[in-house]
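Here is a walk through the charged pairs, aromatic rings and ligand contacts of one model. Have the viewer open and follow along.

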Amino acid sequence: MTKPIKKIGLFLILIIALPILFFGIREITSLNENESVIEEIYTNQIESILFSINQYSEDIIRSWGMHLEGITEEGLQNGDKLEKKLTQLFNNNASLNYIFITDSMLTNKFFIDRKGLQKPHTNISHLLKGNQQPINRLYRYKENGFTKFEPASLSIDRGTQFLIFILDNKQICVFAIDKQKFVEQNLSSKIQSVARNEFIVAVIDSISNQNIYSTEILQDRTFEQRKSLWLLPEYSLGIMLKGQTIDSLVKQRSSLNLYLIIGLSILMLLVALWGYRNIKHEVELAQIKNDFVSNVSHELRTPLALINMFAETLTLGRVSSDEKRNEYYNIIQSEAERLSKIVNKILSFSKIEAGKWKYNFVKTDINLLTEKIYNSYKYHLENSGFQFLYKPFTETLAAKIDSEAVSEAVINLIDNSIKYSDKVKKVVLITGRTKNAIYIEIEDSGLGISKDDQKKIFDKFYRSSSGNIHNTKGTGLGLTLVKYIMDAHKGEIKLTSEPEKGSRFSLFFPINNND
Ligand code: ADP
């Protein structure tokens, strides 16, 4: 690889490939972080939903408690007044079974249910005696200005939840609540509203694992979170996402991101690669064009210098013998021929490339055409120490071709065989046919062509840069010209070559195309 291309490659790696790689790796490693952040956000959201339901149930009980504030002992004695005050509370809340009020010594006890004042329930006194410690705590809170509710239960009445709290006048109050009704009538609308369309929220009896209430029919899925209800400790709140679990939602998002990052990185790398290849191609072409100019200049300069030198010698009359004069004339003539050959090749090339070559396809005897070429080149080759063999096909080979163009192609190939032969100077011209095509082959035992170069030698201006070949002059246009000519004939070129052994160029003219 040449220096500028290496520089461009390095530049592209530095400004595109490395940042992409860095970005890709960073993004992939941060996916896990994102996953846990999303999970944390969801967990927080769920926790706040459960918290708001708990808070709401406490607010309800607090509002019930407000009804009892300001009721003095005399008031309690006066059943009518008390009943009036509490009728609305009982009417609006079917879950409230009864209220029990007593002083801290448990001496004066009042028991009110929806029918009015009743005889106090002895069980409640037991309940309070068994909860002395929490009651003391409730008193301490009250002294500091807080009204707290202490849940308590009796094993003989599992369906009822007792809530103990202290009234402003320091009396102890107990609400007896039907747990299930409380959930169904007091909490359900709040649960519905916080669950919205996103979550399924349910209240479950933690002891029997029975579903008390749920916003939707529960499928066999576990809850993302379960939390006890503060005031109904035997019940718990369960919550899950509708449709998918958080886990699968997060995983789905992460894998989508992962695919996007990988896809994007690959795309960007492909674009970088494509850019690199284009630039490389342009740089190579620019270099090749440069080489072409210097090659052609060199090719023109040598014959011109020779012509100049011998013509000057002759003009000055320095050559005395006729023999020498003739020799110089011959040199001038052959160098002039060489010059016109080079110029013709360039002209033919630009004409063909510009599409200005008018092909004239005529049914032609291929053997006749190749024989003509053989005869006119035989002398020249043998004179240069070559063994030049001709192996025509035994039958007539008729093909519809432009004979001038095909001759040009064959002559170019023979020229190359001469140029690129070293120790074994042998060129064979062959004609033949296969099932579908007629072919002309030019075989030499010369330097051969490496596998790598075999792919490139038909490119415009391309010249192999290895070893001896480099020393041979040329324009890099010969094989491109051959290719253009064969394309015009809808034909094919096949090359078989091995370095140090020789090369065979086969030109195939399809038979279908020939009539
Ligand atoms: P030029 O001969 O002017 O360099 P061509 O297009 O005819 O240009 O050939 C391109 C390259 O292909 C040559 O530079 C040479 O390396 C290689 N090549 C062509 N013909 C032969 C051959 N018969 N043997 C070995 N190498 C060849």
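## Lysine 142 and its partner

Lysine 142 is buried, with a relative accessible area of 11%. For that label, buried means under 20% relative accessible area, exposed means over 50%, and partly exposed is whatever falls in between (1.4 Å probe, protein chains only). What does lysine 142 pair with? Its salt-bridge partner is aspartate 168, and the closest N and O atoms are 2.8 Å apart. A salt bridge here is a side-chain nitrogen of Lys or Arg within 4 Å of a carboxyl oxygen of Asp or Glu. Lysine 142 sits in helix H5 (residues 132-143) while aspartate 168 is in the loop between strand E5 (157-166) and strand E6 (172-178), so the pair ties together parts that are 26 residues apart in sequence. Helices (H or I, at least four residues) and strands (E, at least two) are DSSP runs, numbered from the N terminus.

Some ground rules before going on: this is a predicted model, so local features need pLDDT of at least 70 and side-chain atom pairs count only at pLDDT 80 or more, though totals for chains, interfaces and linings use all residues. Residues are numbered from 1 along each chain as its sequence is written, and side-chain values use heavy atoms, with hydrogens and water left out.

By the salt-bridge rule, the count comes to 18. One of them joins the side chains of lysine 179 and glutamate 234, at 2.8 Å from N to O. This pair links distant parts of the chain: lysine 179 belongs to helix H6 (residues 179-195), and glutamate 234 to the loop between strand E9 (225-228) and strand E10 (235-241), 55 residues apart. Lysine 179 counts as buried at 3% relative accessibility, and glutamate 234 is buried too, with a relative accessible area of 15%. Salt bridges also link Arg158, Lys179 and Glu234 in a network.

Then there's glutamate 443, whose side chain meets that of arginine 504 in a salt bridge (3.2 Å, N to O). Glutamate 443 lies in strand E15 (residues 437-444) and arginine 504 in strand E17 (residues 502-510), so this pair ties together parts that are 61 residues apart in sequence.

## Rings

The structure holds 14 aromatic pairs. To pair, rings of Phe, Tyr and Trp (its six-membered ring) need centres within 6.5 Å; planes under 30 degrees apart count as stacked, over 60 as edge-to-face and the rest as tilted. Among the pairs is phenylalanine 149 with phenylalanine 165, tilted, at 5.1 Å centre to centre and 50 degrees between the planes. Phenylalanine 149 is in the loop between H5 and strand E4 (150-154), phenylalanine 165 is in strand E5, and the two are 16 residues apart. Both phenylalanine 149 and phenylalanine 165 are buried.

Phenylalanine 165 forms another tilted pair with phenylalanine 175, at 5.1 Å centre to centre and 40 degrees between the planes. With phenylalanine 165 in strand E5 and phenylalanine 175 in strand E6, the pair ties together parts that are 10 residues apart in sequence. Ring pairs link Trp64, Phe149, Phe165, Phe175 and Phe182 into a cluster.

## Charges over rings

Lysine 179 turns up again here: its charged end sits over the ring of tyrosine 235, 5.0 Å from the ring centre. The charged end of lysine 148 sits over the ring of tyrosine 141, 5.7 Å from its centre. The test is NZ of Lys or CZ of Arg within 6 Å of the ring centre and within 35 degrees of the ring normal.

## Around the ligand

Which residues come nearest to the ligand? Of the 19 residues around it, Asn416, Tyr420, Arg463, Thr475 and Leu479 do; being near takes a heavy atom within 4 Å. Helix H10 (403-419), helix H13 (478-488) and E17 each supply at least two residues of this shell.

The protein covers 100% of the 530 Å² of accessible area that the ligand has on its own, with areas from the Shrake-Rupley method and a 1.4 Å probe.
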